[in-house]
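Please read it alongside the model.

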Amino acid sequence: MSTPFAAASATCSAPGCVSPAAAQWRRRPTAAELDAVVAAEQAQRQRIIELSGADGGTTAFGPLPTAETCTQAVYGCVQHLLGLDLAARIHASTCVPDPARLPGCACTPEPLPTTPVPQPPAPLPSGWVVTPPTAAPEPAQPASPAASP
Ligand SMILES: [Zn+2]
Ligand SMILES: [Zn+2]
């Protein structure tokens, strides 16, 4: 999960606002931003292939970024912040702080990801259960030479 605190050098994403960013949230990239991300990733992969001397066909890379797998930061100053619940979600590519709608926004953000509830471990067969030891005796305290002059 990304931090809601913005980089120190970022400025607010609200139109016409140049205040320093106080927090950030995420939105999906526009088509142009996604093209730039993919081009940068391809250039980096090409550079890795060139530096490694591999032929490119045997170098394993993961899939290229898509609109579903990457996000862009939206910055808000202290006057142009979304509510915390909204800021935790990923917004549409068109989302910018809109002073008329704050602390809401014009888009419908994606729902928060659900984390699976961990299942309790299966019971172990007999012989595999270790009972914790009873209270261990206190270790003997060595005499401190500094205490006795
Ligand atoms: Zn602002
Ligand atoms: Zn939004």
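1. R26 stands opposite A73 in strand 2, and A23 is placed opposite G76 in that strand. Strand 1 and strand 2 pair in the antiparallel sense over 5 bridges; two strands are taken to pair if DSSP finds at least two bridges between them. Helices (H or I, at least four residues) and strands (E, at least two) are DSSP runs, numbered from the N terminus.

2. On the basis of the numbering: residues are counted from 1 along each chain as its sequence is written, while chains are lettered from A and ligands numbered from 1 in the order in which they are written. The model is predicted, with local features requiring pLDDT of at least 70 and side-chain atom pairs counting only at pLDDT 80 or more, whereas totals for chains, interfaces and linings use all residues.

3. Strand 1 is also joined to strand 3 (residues 90–91) by 2 bridges, and these two strands run parallel. Here H91 of strand 3 is the bridge partner of R27.

4. In overall terms, the protein chain has 2 helices and 3 strands, which follow the pattern β-α-β-α-β along the sequence.

5. A residue is buried if 20 or more other C-beta atoms lie within 10 Å of its own, exposed if 12 or fewer, and partly exposed in between, with C-beta atoms placed from the backbone. Of the 149 residues of the protein chain, 15% count as buried, yet 4 of the 5 residues of strand 1 are buried.

6. Leaving aside neighbours within four places in sequence, C95 is in contact (C-beta atoms, placed from the backbone, within 7 Å) with R27, V74, C105, A106 and C107.

7. T66 lies in the loop between helix 1 (31–52) and strand 2. T66 is exposed because 12 other C-beta atoms lie within 10 Å. T66 and A31 are 35 residues apart in sequence and 9.9 Å apart in space, C-alpha to C-alpha.

Definitions and conventions:
Contact = placed C-beta atoms within 7 Å.
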